[in-house]
Amino acid sequence: MYSKTFLLIGILLIMFSCEKQPHYEHLTDYPVYEGSDLGFTYTESATHFRLWSPAAKEVRLKIYSSGNGDNLEATYAMKRAEKGTWTFSVSGNLKGKYYTYQVNQEGQWMQEKPDLYAVAVGVNGRRSMIVDLDETDPEGWDLDKRPALNNYTDIIIYELHIRDMTIHPSSGSGRPGKYAGLIETGTRSPQGLTTGLDHIKELGVTHVHLLPTFDHRSIDETRLNEPQYNWGYDPLNYNVPEGSFSSDPYDGAVRIKEFKEMVQAFHQNGIRVILDVVYNHTGETEDSNFNQLVPRYYYRQNEEGGFSDASACGNETASERAMMRKYIIESVQYWVKEYHLDGFRFDLMGIHDIETMNAVSEAVRAIDPSLFVYGEGWTAGASPLPQDQQAIKANTYKLNHVAAFSDDLRDGLKGSVFEHEEGGFVSQRAGLKESIKFGIVASTQHPQIDYSQVNYSKAPWAAEPGQTISYVSCHDNHTLWDKLEISNPTASEEERIKMHKLAETIVLTSQGVPFLHAGMEFLRTKQGVENSYNSPDSINQLDWRRKEKYKEVFKYYKQLIALRKNHPAFRMTSTAQIQAHLEFLPYEGENFLAYQLKNNANGDNWHTILVLLNGSGLNKTIELPDGEWTLVADGNQVNEQGLKSSSRVMTIPASTAFILKKD
């Protein structure tokens, strides 16, 4: 009798210990689950679910027949399992079904939400979907190969928004604004010029950078027949493609397959694909998927205990916490493995901690060392994360194979993005030569830079040139064309075109990784609108008729890109190479700058390349260094065979770049 009593007591104690809700003093006390099965694991006979929510009192799993509407099929009480997780297995074939979780936290049922680890969702991303991912692979997917890449400095990035590229009637697209439209071949403008994918290929860039194409919340996918627009920097489901670009946002499998088809087509055309990722904040705060399933954990708190807000979007994620770091790392790994992506651009990367960004770089490079990671080396506001731990621009040298944007070069060329009327080096503003030189050497250590005179950075921040993104414009702020018009109101169109070409010439001949804003090659305008994140198509779309109007500009940029690709001197792979082979020449003039790439830099077949940059409003006459020089670029065209042989004395027109060679 006693033995039976003790046995019963023992069983009750075990049951009690299994069901007892654990107590945690701090969010950082939460246990870390290191398994790889968070989300769902599908087989034809059963589907297993696992959710991490350590402080939850209860968790419900709900199964639906559709991604929206009143069609609940079953509700299950999940079971507490190891390391803060909850599990449940449902028998039968659930492929094509949808599911949500609901967490009871401190006696209160939180909102019903999709799985944080969802890989497919229904319309508007409110329910997760159970899919067989193998069935979403397009034909030949297992044979898909990313185009060859030897060095990061060989990269030339083209930043685009999927809708912008094809939504204007002049694109000639049969699937405007969609994944399928972006990869159509044979599309032409009304004047018969290439558009879309054929245009990108003709231009010669190596990588396309897609503005956020994961599932974001601003676009109502049930009303796609109505005008809607958003850049997508308001994350909802991180591991799922955006539905509004697909042919059917209601079926979660369709967007997956069409995204893969898009990547596959780019690869087949020799172009790699980079995804713009926004792990630094979520589109919602209190009501976000993260906060409703694991309250407060995934976010940083301010001194008052509320949400800190370095993103200026209402919250900032806590990448230094183990499960958030795990989430980010596993997310990028998933995009690489499942979608064959070739790199990531991190929005407001400065919000993330250095350790996490290095872990991200290590994780993706372990899959393929040619994958490229870069981001914005700043925050949008103050963060409780100590500055020496932030992945900001000044700490880039602490990052391993991670690059940052050079706002030093950007604003040095065209003027501050915060002072709209302010000009830059290309529009005669004085005092910016050292900032331009700093950009030319890709933010690295160089003995001829006076760092005290650089506009923002007073010390080199890139350990190697592949850590610097050289650019003058992107989706943010005014287009370069609009900025030049605002800051040079009395200049003629011809004068502004010369400024535009000078700025982009400097970007495409600087060391580092050049980055181009889609449409800049035909002087893209947003009609003067700066922050066009939710402006209509009329503001954001690419008007392909401009390619004909400014065809000489397009041709020049195409030739410049070819020049860079043909001559490794413009893309040296190390700081030591730059120090040894790039020499600034001591010409006078506030807005005149000259340098040479000497001694067959980086194995170039030209012995010396001379770059002359006249940012002043006056012609500049100089005496060239000794030797027989051939002019190969004059601001209007590029000809590697030579435009003309040069005499010892040369005049460089106002707002113009000359490039010469010596064999």
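Me: Which helices are included in what covers the buried residues of H11?

Reply: Good place to start! Among them are helix H9 (407-414), helix H12 (493-509) and helix H14 (545-549). Contact here means heavy atoms within 4.5 Å. Helices (H or I, at least four residues) and strands (E, at least two) are DSSP runs, numbered from the N terminus. Bear in mind that this is a predicted model, where local features need pLDDT of at least 70, side-chain atom pairs count only at pLDDT 80 or more, and totals for chains, interfaces and linings use all residues. Residues are numbered from 1 along each chain as its sequence is written, and side-chain values use heavy atoms, with hydrogens and water left out.

Me: How many residues of helix H11 are buried?

Reply: Buried means under 20% relative accessible area, exposed over 50%, and partly exposed in between (1.4 Å probe, protein chains only). In helix H11 (residues 480-487), 6 of the 8 residues are buried, so the rest of the structure largely encloses it. Those buried residues are Leu480, Trp481, Asp482, Lys483, Leu484 and Ser487.

Me: What should I look for in aromatic pairs?

Reply: Tyr238 belongs to strand E13 (residues 235-241) and Tyr327 to helix H7 (residues 322-339), so the pair ties together parts 89 residues apart in sequence. Both Tyr238 and Tyr327 are buried.

Me: Which charged end sits over the ring of Trp109?

Reply: The rule is that NZ of Lys or CZ of Arg is within 6 Å of the ring centre and within 35 degrees of the ring normal. For Trp109 it is the charged end of Arg60, 3.7 Å from the ring centre. Lys620 likewise lies over the face of Phe592, at 5.5 Å from the ring centre.

Me: And which strands make up the closed barrel?

Reply: Two strands pair if DSSP finds at least two bridges between them. The barrel has 8 strands, in the order E10-E11-E14-E15-E16-E17-E18-E19, with parallel pairing. For a close look, follow strand E10 (residues 157-160) and strand E11 (residues 207-210), which run parallel and are joined by 4 bridges. Leu160 stands opposite Leu210 in E11.
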